[in-house]
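This report goes through a protein model, from the whole chain down to single residues. The sequence and structure come first.

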Amino acid sequence: MLALTELGQRLRQERESKGLSLEDLQKLTKIQKRYLLGIEEGNYEVMPGKFYVRAFIKQYCEAIGLDTDAIFEEYKSDIPSTQTEDMPQQLSRVRSRKEIPQHTKGVSKAYDYLPTVLVVAGVVVVGIIIWVIAQNIVSDKNKEQANQEAPNSEVQQSNTQEETNETTAKNDNSKSEDEQSAADKKEQEQEKEKAEKEKAAKEKAEKEKAEKEKKDSGKQEYKEVQKTGRSATYALSGTDAFNLEVTSTQADTWLDVKNGKGNAFFSSILKKGETKEFDLTKETEARVNIGYSPGVELKVNGKAVDLPFDSSKQVRQVVTIQYQPAEAQ
(Lines give C-alpha, C1' and ligand atoms only; values in the text may rest on other atoms or scores of the structure.)
Protein backbone atom coordinates (compact mmCIF):
# COMPACT_ATOMS: atom_id res chain seq x y z
CA MET A 1 0.00 0.00 0.00
CA LEU A 2 1.28 3.49 -0.88
CA ALA A 3 2.03 6.06 1.85
CA LEU A 4 -0.73 8.63 2.26
CA THR A 5 -0.05 12.19 1.11
CA GLU A 6 -0.99 15.09 3.39
CA LEU A 7 -4.02 15.73 1.16
CA GLY A 8 -5.00 12.04 1.25
CA GLN A 9 -4.75 11.97 5.04
CA ARG A 10 -6.89 15.10 5.34
CA LEU A 11 -9.61 13.75 3.04
CA ARG A 12 -9.71 10.32 4.72
CA GLN A 13 -9.99 11.91 8.20
CA GLU A 14 -12.86 14.17 7.06
CA ARG A 15 -14.66 11.23 5.42
CA GLU A 16 -14.33 8.99 8.47
CA SER A 17 -15.39 11.81 10.83
CA LYS A 18 -18.69 11.97 8.92
CA GLY A 19 -19.20 8.22 9.24
CA LEU A 20 -18.81 7.60 5.49
CA SER A 21 -17.20 4.53 3.97
CA LEU A 22 -15.64 4.46 0.50
CA GLU A 23 -18.77 2.62 -0.69
CA ASP A 24 -20.97 5.45 0.68
CA LEU A 25 -18.77 8.05 -1.04
CA GLN A 26 -18.91 6.09 -4.30
CA LYS A 27 -22.75 6.28 -4.20
CA LEU A 28 -22.65 10.04 -3.52
CA THR A 29 -20.04 11.01 -6.15
CA LYS A 30 -20.58 8.25 -8.75
CA ILE A 31 -16.75 7.89 -8.79
CA GLN A 32 -15.38 4.34 -8.72
CA LYS A 33 -14.05 3.19 -5.36
CA ARG A 34 -10.56 2.49 -6.76
CA TYR A 35 -10.22 6.11 -7.90
CA LEU A 36 -11.34 7.39 -4.47
CA LEU A 37 -8.78 5.10 -2.81
CA GLY A 38 -6.15 6.37 -5.30
CA ILE A 39 -6.87 9.97 -4.22
CA GLU A 40 -6.45 9.11 -0.52
CA GLU A 41 -3.21 7.17 -1.20
CA GLY A 42 -1.85 9.78 -3.64
CA ASN A 43 -1.72 7.09 -6.32
CA TYR A 44 -2.76 9.23 -9.28
CA GLU A 45 -1.38 6.70 -11.78
CA VAL A 46 -4.68 4.78 -11.61
CA MET A 47 -6.58 7.83 -12.93
CA PRO A 48 -7.54 8.18 -16.64
CA GLY A 49 -5.59 11.48 -16.83
CA LYS A 50 -4.48 14.59 -14.91
CA PHE A 51 -7.76 16.39 -15.68
CA TYR A 52 -9.72 13.60 -13.96
CA VAL A 53 -7.44 13.81 -10.89
CA ARG A 54 -8.45 17.43 -10.25
CA ALA A 55 -12.12 16.79 -11.15
CA PHE A 56 -12.38 13.74 -8.84
CA ILE A 57 -10.69 15.59 -5.95
CA LYS A 58 -13.18 18.46 -6.39
CA GLN A 59 -16.18 16.06 -6.25
CA TYR A 60 -14.65 14.28 -3.20
CA CYS A 61 -14.33 17.62 -1.32
CA GLU A 62 -17.87 18.74 -2.19
CA ALA A 63 -19.34 15.40 -1.01
CA ILE A 64 -17.80 15.72 2.48
CA GLY A 65 -18.45 19.47 2.85
CA LEU A 66 -14.93 20.91 2.32
CA ASP A 67 -14.10 24.24 0.61
CA THR A 68 -12.67 23.13 -2.76
CA ASP A 69 -10.75 26.35 -3.48
CA ALA A 70 -9.12 26.33 -0.05
CA ILE A 71 -8.09 22.65 -0.41
CA PHE A 72 -6.60 23.19 -3.90
CA GLU A 73 -4.62 26.18 -2.62
CA GLU A 74 -3.41 24.49 0.59
CA TYR A 75 -2.36 21.22 -1.07
CA LYS A 76 -1.39 22.46 -4.52
CA SER A 77 1.94 20.65 -4.23
CA ASP A 78 0.05 17.31 -3.91
CA ILE A 79 -2.31 17.95 -6.82
CA PRO A 80 -1.00 17.66 -10.42
CA SER A 81 -1.67 20.63 -12.66
CA THR A 82 -3.38 20.07 -16.01
CA GLN A 83 -1.59 20.90 -19.22
CA THR A 84 -2.95 21.08 -22.77
CA GLU A 85 -2.06 17.81 -24.41
CA ASP A 86 -0.90 17.72 -28.04
CA MET A 87 -3.78 17.05 -30.38
CA PRO A 88 -3.10 14.18 -32.79
CA GLN A 89 -2.51 15.45 -36.32
CA GLN A 90 -5.14 13.07 -37.69
CA LEU A 91 -7.84 14.92 -35.69
CA SER A 92 -7.17 18.24 -37.44
CA ARG A 93 -10.02 19.35 -39.66
CA VAL A 94 -7.79 21.64 -41.79
CA ARG A 95 -6.53 20.01 -45.00
CA SER A 96 -4.82 21.44 -48.05
CA ARG A 97 -6.37 21.33 -51.47
CA LYS A 98 -3.97 18.55 -52.44
CA GLU A 99 -5.48 16.32 -49.72
CA ILE A 100 -9.02 16.67 -51.10
CA PRO A 101 -9.96 13.52 -53.09
CA GLN A 102 -10.15 14.06 -56.84
CA HIS A 103 -13.58 12.36 -57.10
CA THR A 104 -15.15 15.40 -55.35
CA LYS A 105 -14.41 17.69 -58.31
CA GLY A 106 -17.45 16.37 -60.19
CA VAL A 107 -19.68 17.20 -57.25
CA SER A 108 -18.22 20.73 -57.18
CA LYS A 109 -19.17 21.25 -60.83
CA ALA A 110 -22.73 20.08 -60.13
CA TYR A 111 -22.99 22.76 -57.42
CA ASP A 112 -22.11 25.41 -60.07
CA TYR A 113 -25.41 24.66 -61.87
CA LEU A 114 -27.49 24.69 -58.69
CA PRO A 115 -28.44 28.45 -58.79
CA THR A 116 -29.79 28.09 -62.35
CA VAL A 117 -31.88 25.07 -61.42
CA LEU A 118 -33.32 26.90 -58.40
CA VAL A 119 -34.28 29.95 -60.51
CA VAL A 120 -36.11 27.79 -63.08
CA ALA A 121 -37.97 25.92 -60.33
CA GLY A 122 -38.99 29.22 -58.74
CA VAL A 123 -40.43 30.52 -62.03
CA VAL A 124 -42.48 27.34 -62.46
CA VAL A 125 -43.88 27.58 -58.93
CA VAL A 126 -44.86 31.26 -59.41
CA GLY A 127 -46.64 30.39 -62.66
CA ILE A 128 -48.68 27.66 -60.96
CA ILE A 129 -49.72 30.05 -58.17
CA ILE A 130 -50.88 32.72 -60.69
CA TRP A 131 -52.95 30.11 -62.60
CA VAL A 132 -54.70 28.92 -59.42
CA ILE A 133 -55.55 32.50 -58.40
CA ALA A 134 -57.00 33.22 -61.86
CA GLN A 135 -59.23 30.13 -61.70
CA ASN A 136 -60.59 31.20 -58.31
CA ILE A 137 -61.42 34.71 -59.64
CA VAL A 138 -63.37 33.27 -62.60
CA SER A 139 -65.31 30.89 -60.31
CA ASP A 140 -66.28 33.74 -57.97
CA LYS A 141 -67.59 35.87 -60.87
CA ASN A 142 -69.79 33.02 -62.14
CA LYS A 143 -71.34 32.54 -58.69
CA GLU A 144 -72.03 36.27 -58.37
CA GLN A 145 -73.86 36.36 -61.73
CA ALA A 146 -76.00 33.34 -60.80
CA ASN A 147 -77.06 35.01 -57.55
CA GLN A 148 -78.05 38.25 -59.36
CA GLU A 149 -80.28 36.35 -61.81
CA ALA A 150 -82.30 34.60 -59.04
CA PRO A 151 -85.99 35.80 -58.74
CA ASN A 152 -86.60 38.67 -56.33
CA SER A 153 -89.49 36.72 -54.76
CA GLU A 154 -87.08 34.03 -53.60
CA VAL A 155 -84.81 36.67 -52.06
CA GLN A 156 -87.76 38.29 -50.26
CA GLN A 157 -89.03 34.93 -49.03
CA SER A 158 -85.57 34.07 -47.80
CA ASN A 159 -85.32 37.40 -45.94
CA THR A 160 -88.75 36.87 -44.29
CA GLN A 161 -87.77 33.39 -43.19
CA GLU A 162 -84.46 34.68 -41.78
CA GLU A 163 -86.28 37.38 -39.78
CA THR A 164 -88.69 34.75 -38.37
CA ASN A 165 -85.79 32.50 -37.42
CA GLU A 166 -83.96 35.39 -35.74
CA THR A 167 -87.05 36.31 -33.68
CA THR A 168 -87.53 32.70 -32.55
CA ALA A 169 -83.85 32.38 -31.73
CA LYS A 170 -83.91 35.57 -29.64
CA ASN A 171 -86.90 34.33 -27.63
CA ASP A 172 -85.23 30.95 -27.06
CA ASN A 173 -81.95 32.61 -26.09
CA SER A 174 -83.69 34.92 -23.62
CA LYS A 175 -85.43 31.96 -21.95
CA SER A 176 -82.23 29.94 -21.93
CA GLU A 177 -80.24 32.81 -20.39
CA ASP A 178 -82.78 33.19 -17.56
CA GLU A 179 -82.66 29.47 -16.81
CA GLN A 180 -78.87 29.44 -16.95
CA SER A 181 -78.65 32.47 -14.66
CA ALA A 182 -80.86 30.77 -12.04
CA ALA A 183 -78.81 27.57 -12.29
CA ASP A 184 -75.52 29.49 -11.95
CA LYS A 185 -76.82 31.36 -8.91
CA LYS A 186 -77.89 28.13 -7.23
CA GLU A 187 -74.53 26.51 -7.98
CA GLN A 188 -72.65 29.51 -6.56
CA GLU A 189 -74.71 29.35 -3.36
CA GLN A 190 -73.97 25.64 -3.01
CA GLU A 191 -70.24 26.18 -3.54
CA LYS A 192 -70.22 29.01 -1.00
CA GLU A 193 -72.01 26.86 1.57
CA LYS A 194 -69.58 23.98 0.92
CA ALA A 195 -66.55 26.29 1.30
CA GLU A 196 -67.89 27.64 4.60
CA LYS A 197 -68.40 24.11 5.94
CA GLU A 198 -64.89 23.07 4.89
CA LYS A 199 -63.41 26.19 6.48
CA ALA A 200 -65.25 25.55 9.74
CA ALA A 201 -64.14 21.90 9.78
CA LYS A 202 -60.52 22.89 9.10
CA GLU A 203 -60.55 25.52 11.85
CA LYS A 204 -62.03 22.98 14.28
CA ALA A 205 -59.38 20.38 13.40
CA GLU A 206 -56.56 22.90 13.77
CA LYS A 207 -57.93 24.03 17.11
CA GLU A 208 -58.18 20.44 18.38
CA LYS A 209 -54.66 19.72 17.16
CA ALA A 210 -53.25 22.82 18.85
CA GLU A 211 -55.01 21.92 22.11
CA LYS A 212 -53.66 18.36 21.94
CA GLU A 213 -50.09 19.54 21.23
CA LYS A 214 -50.34 22.04 24.05
CA LYS A 215 -51.62 19.34 26.37
CA ASP A 216 -48.93 16.86 25.28
CA SER A 217 -46.09 19.41 25.49
CA GLY A 218 -47.01 20.11 29.07
CA LYS A 219 -46.61 16.44 30.02
CA GLN A 220 -43.77 15.54 27.61
CA GLU A 221 -40.49 14.60 29.25
CA TYR A 222 -37.19 14.19 27.35
CA LYS A 223 -34.31 13.23 29.60
CA GLU A 224 -30.81 11.81 29.20
CA VAL A 225 -30.31 8.15 30.17
CA GLN A 226 -26.63 7.60 29.38
CA LYS A 227 -23.76 9.09 27.36
CA THR A 228 -20.56 7.44 26.15
CA GLY A 229 -18.05 8.14 23.39
CA ARG A 230 -20.02 9.75 20.58
CA SER A 231 -23.33 8.11 21.49
CA ALA A 232 -26.09 9.18 23.89
CA THR A 233 -29.47 7.71 24.89
CA TYR A 234 -32.58 9.69 25.85
CA ALA A 235 -35.99 8.65 27.18
CA LEU A 236 -39.17 10.24 25.76
CA SER A 237 -42.32 9.89 27.87
CA GLY A 238 -45.55 11.68 28.88
CA THR A 239 -46.85 11.98 25.30
CA ASP A 240 -48.89 9.92 22.86
CA ALA A 241 -46.89 11.10 19.82
CA PHE A 242 -43.29 10.67 18.67
CA ASN A 243 -42.55 12.99 15.75
CA LEU A 244 -38.92 13.74 14.88
CA GLU A 245 -37.61 16.63 12.71
CA VAL A 246 -33.99 16.90 11.54
CA THR A 247 -32.74 20.10 9.83
CA SER A 248 -29.26 20.90 8.46
CA THR A 249 -28.58 24.67 8.38
CA GLN A 250 -24.83 24.93 7.62
CA ALA A 251 -23.73 22.15 5.25
CA ASP A 252 -24.70 18.82 3.72
CA THR A 253 -24.54 15.93 6.21
CA TRP A 254 -24.95 12.18 6.23
CA LEU A 255 -28.14 11.19 8.07
CA ASP A 256 -29.20 7.67 9.04
CA VAL A 257 -32.49 7.10 10.95
CA LYS A 258 -33.43 3.56 12.04
CA ASN A 259 -35.82 1.97 14.50
CA GLY A 260 -34.84 -0.41 17.28
CA LYS A 261 -35.04 -3.39 14.89
CA GLY A 262 -32.54 -1.81 12.47
CA ASN A 263 -35.11 -0.92 9.78
CA ALA A 264 -34.02 2.29 8.03
CA PHE A 265 -36.43 5.24 7.58
CA PHE A 266 -33.76 7.39 5.87
CA SER A 267 -30.12 6.75 4.92
CA SER A 268 -28.66 9.40 2.62
CA ILE A 269 -27.28 12.95 2.40
CA LEU A 270 -29.37 15.68 4.06
CA LYS A 271 -28.81 18.81 1.98
CA LYS A 272 -28.07 22.22 3.50
CA GLY A 273 -31.36 23.94 4.39
CA GLU A 274 -33.33 20.67 4.05
CA THR A 275 -35.65 19.26 6.75
CA LYS A 276 -36.74 15.65 7.13
CA GLU A 277 -39.77 14.67 9.27
CA PHE A 278 -40.41 11.20 10.69
CA ASP A 279 -43.56 9.86 12.42
CA LEU A 280 -42.15 7.32 14.90
CA THR A 281 -45.26 7.04 17.10
CA LYS A 282 -45.51 3.30 16.46
CA GLU A 283 -41.85 2.71 17.35
CA THR A 284 -40.36 2.11 20.80
CA GLU A 285 -36.87 3.24 19.84
CA ALA A 286 -35.18 5.37 17.17
CA ARG A 287 -31.45 5.66 16.39
CA VAL A 288 -30.29 8.90 14.70
CA ASN A 289 -26.75 8.84 13.20
CA ILE A 290 -25.52 12.35 12.23
CA GLY A 291 -22.32 12.41 10.16
CA TYR A 292 -21.68 16.17 10.39
CA SER A 293 -23.42 17.67 13.41
CA PRO A 294 -22.47 21.42 13.18
CA GLY A 295 -25.65 23.30 12.27
CA VAL A 296 -27.93 20.26 12.70
CA GLU A 297 -31.14 20.89 14.66
CA LEU A 298 -33.40 18.25 16.26
CA LYS A 299 -37.06 18.69 17.23
CA VAL A 300 -39.18 16.17 19.10
CA ASN A 301 -42.94 16.75 18.73
CA GLY A 302 -42.20 20.29 17.51
CA LYS A 303 -39.98 21.13 20.49
CA ALA A 304 -36.26 21.80 19.89
CA VAL A 305 -33.86 19.52 21.80
CA ASP A 306 -30.09 19.93 22.18
CA LEU A 307 -27.54 17.55 20.67
CA PRO A 308 -25.76 15.55 23.38
CA PHE A 309 -22.23 16.77 22.50
CA ASP A 310 -20.51 20.01 21.49
CA SER A 311 -20.49 19.78 17.67
CA SER A 312 -17.12 21.58 17.48
CA LYS A 313 -15.54 18.75 19.48
CA GLN A 314 -17.65 15.81 18.38
CA VAL A 315 -18.54 16.13 14.67
CA ARG A 316 -20.25 12.77 14.33
CA GLN A 317 -22.95 12.03 16.91
CA VAL A 318 -25.38 9.14 17.47
CA VAL A 319 -28.61 9.84 19.37
CA THR A 320 -30.87 6.98 20.53
CA ILE A 321 -34.39 7.90 21.71
CA GLN A 322 -36.39 5.37 23.71
CA TYR A 323 -40.12 6.08 23.51
CA GLN A 324 -42.80 5.04 26.01
CA PRO A 325 -46.33 6.28 25.10
CA ALA A 326 -48.34 7.98 27.83
CA GLU A 327 -51.09 5.34 27.50
CA ALA A 328 -48.62 2.59 28.44
CA GLN A 329 -47.41 4.38 31.57
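## Overall make-up

What share of the contacts in the protein with a separation of 6 or more comes from residues 24 or more positions apart? Such pairs account for 64% of those contacts. The model is a predicted one.

The protein has eight helices and 10 strands. Of its 329 residues, 26% are buried. The accessible surface is about 23,700 Å², and carbon and sulfur atoms hold 49% of that area.

## Nonpolar cores

In soluble globular proteins, nonpolar side chains tend to be buried together. Here the largest nonpolar core has 25 residues. Those with the most contacts inside this core are L7, L11, I39, I57, Y60 and I64. Two or more residues each are given to the core by α1, α2, α3, α4 and α5 (68-74). The largest share, six residues, comes from α4.

I64 touches L11, E14, R15, K18, L20 and L25, with residues up to four places away in sequence not counted. There is also a second, separate core of 24 residues. Among its members are L270, A286, I290 and V305.

## Helix α2

Helix α2 covers residues 22-29, and its buried residues are L22, D24, L25 and T29. Seen down the helix axis, the buried residues of α2 fall within an arc of 155°, so they line one face of the helix.

What do the buried residues of α2 pack against? Their partners are α1 (6-17), α3 (33-41) and α4 (50-63).

## Positive phi angles

Most residues other than glycine have a negative phi. Is K30 buried or exposed? K30 has a relative accessible area of 71%, and therefore counts as exposed, the cut-off being over 50%.

N301 is not a glycine either, and has a positive phi of about 55°. N301 is placed in the loop between β8 (296-300) and β9 (303-305). Its relative accessibility is 23%, so N301 counts as partly exposed; buried would require a value under 20%.

Definitions and conventions: Residues are numbered from 1 along each chain as its sequence is written. This is a predicted model: local features need pLDDT of at least 70, side-chain atom pairs count only at pLDDT 80 or more; totals for chains, interfaces and linings use all residues. Side-chain values use heavy atoms; hydrogens and water are left out. Buried means under 20% relative accessible area, exposed over 50%, partly exposed in between (1.4 Å probe, protein chains only). Helices (H or I, at least four residues) and strands (E, at least two) are DSSP runs, numbered from the N terminus. The arc is that of the directions from the helix axis to the C-beta atoms. Contact means heavy atoms within 4.5 Å. Accessible areas come from the Shrake-Rupley method with a 1.4 Å probe; for residues, only the protein chains shown count as cover. A nonpolar core is a set of buried Ala, Val, Leu, Ile, Met, Phe, Trp, Tyr and Cys residues joined through side-chain atoms within 4.5 Å.
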